[in-house]
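Have a look at the model first, then follow the points below.

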Amino acid sequence: MKKLASTLPNMIISLGSITVIAGALLGWMYSVTKEPIALQAQAQQQAAIAEVAPEFNNNPEEDKWETTIDGNTFVVYPAYDNDKLAGAAVKGVSMNGFAGEIVVMCGFEADGTVKDYRVLQQAETPGLGTKMELWFRDPAGARSVIGKNPDKTSFYVSKDAGGEIDGITAATISSRAFLETMRNAFEAYREYEKTQAAKK
Amino acid sequence: MKKYYDILYNGIIPSNPVFVLLLGMCATLGTTSSAHNGMMMGIATAVVLLCSNVVISMVKSLVPDKVRIPAFIVIIASFVTMLQLAVNAWLPSLNASLGIFIPLIVVNCILLGRAEAFASKNGIFESFLDGLGTGIGFTLALILLGGVREILGTGKIFGAEIFPEDYGMLLFVLAPGAFIALGYLIAIVNKIRKTC
């Protein structure tokens with residue numbers, strides 16, 4: 001077949017029809033994948049909540065409560081065991097990481113003791129800042145935050161004045177951002193507790 | 001038959017996109033922190049390359065010369081976006097490890113290079129083979145580079161431990177290690193190609 005000549009109408013028709021077909025295909029693909037993508041995101045979140053929060057028999061996502069600390073939104077997913085507040089999973093954000101946002105799902109028991117955490121999103125330096133998922137649960141030295149209460153333990157890196165948590169070696173900025181998220185998440189949990197107490 | 005075999009083979013060794021043509025370096029250096037990541041990136045790129053090569057050779061006579069580049073880019077970008085949506089929906093772990101590099105396949109020069117140099121001048125079946133060969137070549141190169149970096153950096157290969165991670169050289173997991181490893185691999189591949 002002979003190639004179409006580069007006249008203006010030919011070019012407009014050719015490029016126009018290619019973009020229309022491409023657009024239609026993309027629209028179709030979007031509608032097919034929309035539901036699975038939303039389900040994936042929800043499943044990930046649910047799994048993270050179930051992993052870090054104490055035992056619960058309510059639906060934490062239905063009872064969620066939002067607050068803003070330092071310009072970042074913190075979402076509290078409260079865990080109720082037979083209508084008694086057993087703790088919460090708090091999704092916290094920090095913009096002070098080495099590269100981009102750090103999103104952590106922090107789990108607290110009723111008195112604010114850290115139960116567990118999951119790093120949901122981070123873009124720190126591979127091999128350094130990325131260690132945060134494992135580092136802050138490592139029982140060696142004063143690394144672990146698990147089982148500690150931000151009320152009693154100072155959630156700052158031990159390099160900083162008064163800090164009682166060992167930061168990741170060679171990744172102090174990432175460590176600071178992580179601990180900042182934990183502190184603010186704790187703050188959000190405390191605020192949530194207060195609003196609930198006021199209701200009763 | 002010989003002709004078809006040559007087209008397929010050409011993309012794997014004689015004009016391997018990474019070690020010989022040095023195309024698509026951004027994705028190559030960025031995603032090869034482990035053999036598994038390299039393999040996944042290679043497969044993702046190969047799928048898009050295969051589809052875009054076939055479609056471009058199908059529409060080549062309907063696209064006037066002056067608008068061929070935008071037309072090719074639209075076709076490539078559509079496939080990449082579809083791939084990205086599919087990966088998001090059904091392979092979320094892959095999306096987490098490759099992240100930004102999946103949408104960046106659009107600007108990978110290998111795709112436009114093969115479209116311009118091969119698919120826009122040859123038949124559908126030849127273009128299919130060319131896409132397959134180049135895709136395999138790219139994937140193999142990424143597995144090799146990712147494997148070397150993973151072994152030297154963390155002591156593992158495809159996640160299986162070979163020596164304890166403490167003896168690994170962190171440098172190779174980071175960006176400078178990618179350049180060093182790639183440089184040596186290119187030298188080795190060139191040496192082998194010359195002696196063969």
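Two strands count as paired if DSSP finds at least two bridges between them. Helices (H or I, at least four residues) and strands (E, at least two) are DSSP runs, numbered from the N terminus. With that in hand, chain A shows an open sheet of 5 strands in the order β1-β2-β3-β4-β5, with antiparallel pairing. This is a predicted model, where local features need pLDDT of at least 70, side-chain atom pairs count only at pLDDT 80 or more, and totals for chains, interfaces and linings use all residues. Residues are numbered from 1 along each chain as its sequence is written, while chains are lettered from A and ligands numbered from 1 in the order in which they are written.

**Edges and twist**
- β1 (65-69) and β5 (114-121) of chain A are the edge strands; each has a single partner, so one side of each is left without a neighbour in the sheet.
- From one strand to the next, the twist averages 25° (axes are lines fitted to C-alpha atoms, for helices over the stretch in contact, and angles run from 0 to 180 degrees between N-to-C directions).

**Strand by strand**
- Strands of a sheet pair through backbone hydrogen bonds, either parallel or antiparallel.
- β1(A) and β2(A) run antiparallel and are joined by 5 bridges, with A:Thr67 opposite A:Phe74 in β2(A).
- These two strands form a hairpin with 2 residues between them, and A:Asp70 in the turn has a positive phi of about 55°.
- β2(A) and β3(A) pair in the antiparallel sense over 7 bridges, and A:Tyr80 faces A:Leu85 in β3(A) as its opposite residue.
- β3 (residues 84-94) and β4 (residues 102-109) of chain A run antiparallel, joined by 8 bridges; here A:Ser94 stands opposite A:Ile102 in β4(A).

**Helices on the sheet**
- Helix α1 (residues 8-52) of chain A packs on the sheet and touches β2 (72-81), β3, β4 and β5 of chain A, where contact means C-beta atoms, placed from the backbone, within 7 Å.
- The direction of α1 makes about 160° with that of β5(A).
- Helix α3 (residues 172-199) of chain A lies across β1, β2, β3, β4 and β5 of chain A, at about 140° to β3(A).

**A loop residue**
- A:Glu61 sits in the loop between α1 and β1 of chain A.
- A:Glu61 and A:Ala79 are 18 residues apart in sequence and 9.5 Å apart in space, C-alpha to C-alpha.

Conventions
Two residues are in contact if their C-beta atoms, placed from the backbone, lie within 7 Å.
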